[in-house]
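Here's a quick briefing to read alongside the model. Have the sequence and the 3D view open as you go.

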Amino acid sequence: MMQFTETPLQPLHQIPPFTTFAMNTNHIFRTRPWSGIPTPKALGSFGDANCMEQLLVHCANAIERNDATLAQQILWVLNNIAPPDGDSNQRLACGFLRALIARAAKTGTCKMLTAVANIVHTSLATNTHKFSIIELAGFVDLTPWHRFGFTAANAAILEAVEGCSAVHIVDLSLTHCMQIPTLIDAIASRLEGPPLVKLTVAGATEDVPPMLDFSYAELGAKLVNFARSRNVTMEFRVIPSSSSDGFSSFIDQLRVDHFIHGTSGEALVINCHMMLHYVPEETLASSSFSSTVVPANTTPPPLLQFPYDTSPPSPPSSHRMRFLEALRSLEPTIVVLVDEDADFTSSNLVTRLRSAFNYLWIPYDTVDTFLPVGSKQRQWYEADLCWKIENVVAQEGPQRVERPERKSQWVQRMRSASFRGVAFSEEAVSDVKRMLDEHAAGWGFKREEEDLVLTWKGHNVVFATIWVPT
C-alpha cells in the first residue's frame with residue numbers, strides 16, 4: 001500500500017451529468033430513427049453490449065462516410081439506450097457516444113452537432129480531477145490496475161539491486177512516483193543497510209490523467225522527507241521532457257549524468273509504468289528523432305551523442321523503437337515494463353473503436369467492486385475513462401496519444417532493441433498473490449513465459465515484464 005498518511009482521501013469532483021447538453025431535445029434531433037429502428041419505448045432490446053458495439057461501429061462508419069443523416073439517427077438511438085447513470089455497459093457506450101459526437105464535429109460530418117461537441121469537450125476537460133498527493137496515493141490503492149505493476153516491479157527491482165551501494169531509479173510512471181514510497185520502505189529494511197537512492201523523473205509536458213494540483217518540487221520534497229524518515233538518503237531530480245519526441249532530451253540528460261556522476265557499484269534501474277504507450281509508434285508519421293539539444297556556441301562531447309543522431313533510421317523505425325534503443329545504450333541493470341495489454345494503434349477508426357470497446361469494459365465493470373454508485377470518486381474515475389475514450393476515438397495524429405500495444409508487440413520490440421526477458425521470482429509471485437487477496441474475487445493473474453499478466457474475470461488487463469541487456 002502507499003505510505004503517504006498525512007490526511008484521509010478527500011472527495012473528488014462530480015462530473016456534470018450527460019443531460020446537461022440534452023442530446024435528444026427537438027432542436028438537435030428532429031428526425032426519427034431510420035426504418036426498422038423502434039421507438040424509445042421498445043429500445044430495451046438494444047441494451048446488451050454486443051448490440052451497443054454494433055451501433056457504435058455503424059455510427060463510426062457513417063461518420064467516416066460523411067453520412068450525416070445516418071450518423072444522427074444512430075446517435076439518437078444510442079442516446080436513448082446508453083444513459084450516463086446506467087449499468088456498466090450503458091456507461092461504457094455513453095463514453096463512446098460522447099467521443100463520436102466530438103469526432104463528428106471535428107471532421108465536419110455533422111455540423112449541427114458542433115455546439116454539442118464543444119459542450120462535451122469543455123465538460124470533460126474542466127472536470128477531470130486534479131489530485132493532491134494524498135488523494136492520488138490513496139486512489140491508486142483502490143484497485144490492482146496500478147498496484148499489480150507496483151508490486152511486481154518493486155520485487156524485481158529489490159532483487160536486481162541487492163548488494164549495490166547506490167541505486168539510480170529512473171521513474172517513467174503515469175502515477176507520478178506513487179510506487180516509490182513502498183519501494184523505499186523495502187529498501188530501508190535491507191540487511192546490509194540501505195543504499196544511496198537517486199530518483200530521476202520525467203517532468204512530462206502533456207496533460208494526461210491522472211492530473212496533479214501540485215508541483216514536482218513539492219512531490220520531491222515529500223519523497224525525500226519520507227525516505228529520511230526511513231533512514232534512506234535520497235536525491236530527487238526532475239528533467240523536463242515530452243513523450244511526443246520519445247523523451248529524447250530526458251535520455252540525453254541521463255546519458256550526461258551517467259557519464260559524469262555515475263559511481264562505482266551504482267545500479268541503474270529503468271521503471272516504465274504505463275508511460276511508454278504515449279511514445280509515438282509507427283502508425284504516426286513523425287519528423288526525424290530530435291538530436292541532442294546543445295546550447296549555442298557549444299559542442300557536445302562525442303561520447304554523449306546518440307548513436308542515431310548522425311544517421312537517420314530506416315522508414316519503419318519510430319520514436320518508440322529509438323527510445324528503447326537509447327535505453328539499451330545506457331546499459332541499465334534492469335528495465336521493468338508495465339503497461340495495459342491492449343492495442344489502440346490502428347489507423348482505422350472502426351478497428352480502434354472495437355479494440356477499445358472490448359478492453360475498456362473492464363474498468364467500467366470493476367468499478368462496482370470498489371466505489372459506490374453516486375460517489376464523487378466514481379464520477380472522477382469514469383471522467384478519466386471518458387477522456388481516454390475520446391482521445392482514442394475523436395483524435396487523430398499527434399493529438400491521439402493513447403496508443404497502447406499488446407504484450408506480444410512490446411516483447412518483440414524489447415528483443416529487437418537487444419534486451420532479453422527475465423522471469424519473476426517466486427517471491428515476486430507471492431507478493432502479487434498477497435496483494436490481489438486484498439481486492440475483489442474477479443481479479444487474478446497468470447504467468448506467460450517469463451511475464452506476469454493481471455486478469456479480470458479471465459481477461460488480460462495489465463502485463464509486467466523484466467528486461468536486462470543481452
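A contact here means heavy atoms within 4.5 Å of each other. With that in mind, take the contacts in the chain between residues at least 6 apart in sequence: 80% of them join residues at least 24 apart. Keep in mind that this is a predicted model.

**Overall make-up**
- The chain has 14 helices and 11 strands.
- Of its 470 residues, 56% are buried.

**The nonpolar core**
- The largest nonpolar core takes in 140 residues.
- Those with the most contacts inside that core are Phe-96, Leu-100, Leu-172, Met-234, Phe-250, Leu-324 and Val-461.
- If you click on Val-461 and skip its neighbours within four places in sequence, you'll find it in contact with Trp-145, Asp-339, Glu-340, Asp-341, Tyr-359, Ile-362, Trp-443, Leu-454, Thr-455 and Trp-456.

**H1 against H2**
- Helix H1 (residues 49–64) packs on helix H2 (residues 68–81) at an angle of about 155°, and their axes are 8 Å apart.
- Angles over 145 degrees count as roughly antiparallel, so that's how H1 and H2 run relative to each other.
- Their crossing is left-handed.
- H1 brings Met-52, Leu-55, Leu-56, His-58, Cys-59, Ala-62 and Ile-63 to the contact, while H2 brings Leu-70, Ala-71, Ile-74, Leu-75, Val-77, Leu-78 and Ile-81.
- Sorted by class, that's 13 nonpolar residues, one polar and no charged ones.

**H6 against H14**
- The axes of helix H6 (residues 144–160) and helix H14 (residues 426–436) come within 9 Å and cross at roughly 155°.
- That angle makes H6 roughly antiparallel to H14.
- The crossing of H6 with H14 is right-handed.
- On the H6 side, the contact is made by Pro-144, Arg-147, Phe-148, Thr-151, Ala-152, Ala-155 and Glu-159.
- On the H14 side, look for Glu-427, Ala-428, Asp-431, Val-432, Met-435 and Leu-436.
- The residues of this contact split into eight nonpolar, one polar and four charged.

**H10, an enclosed helix**
- Helix H10 (residues 319–329) has nine of its 11 residues buried, so it's largely enclosed by the rest of the structure.
- After H10 comes Glu-331, with a positive phi near 55°.

Note on methods: Residues are numbered from 1 along each chain as its sequence is written. This is a predicted model: local features need pLDDT of at least 70, side-chain atom pairs count only at pLDDT 80 or more; totals for chains, interfaces and linings use all residues. Side-chain values use heavy atoms; hydrogens and water are left out. Axes are lines fitted to C-alpha atoms, for helices over the stretch in contact, and angles run from 0 to 180 degrees between N-to-C directions. Helices (H or I, at least four residues) and strands (E, at least two) are DSSP runs, numbered from the N terminus. Angles under 35 degrees count as roughly parallel, over 145 as roughly antiparallel, 65 to 115 as roughly perpendicular and the rest as oblique. A crossing is left-handed if the near helix is turned anticlockwise from the far one by less than a right angle, and right-handed if clockwise. Ala, Val, Leu, Ile, Met, Phe, Trp, Tyr, Cys and Pro count as nonpolar, Asp, Glu, Lys and Arg as charged, and the others, Gly among them, as polar. A nonpolar core is a set of buried Ala, Val, Leu, Ile, Met, Phe, Trp, Tyr and Cys residues joined through side-chain atoms within 4.5 Å. Buried means under 20% relative accessible area, exposed over 50%, partly exposed in between (1.4 Å probe, protein chains only).
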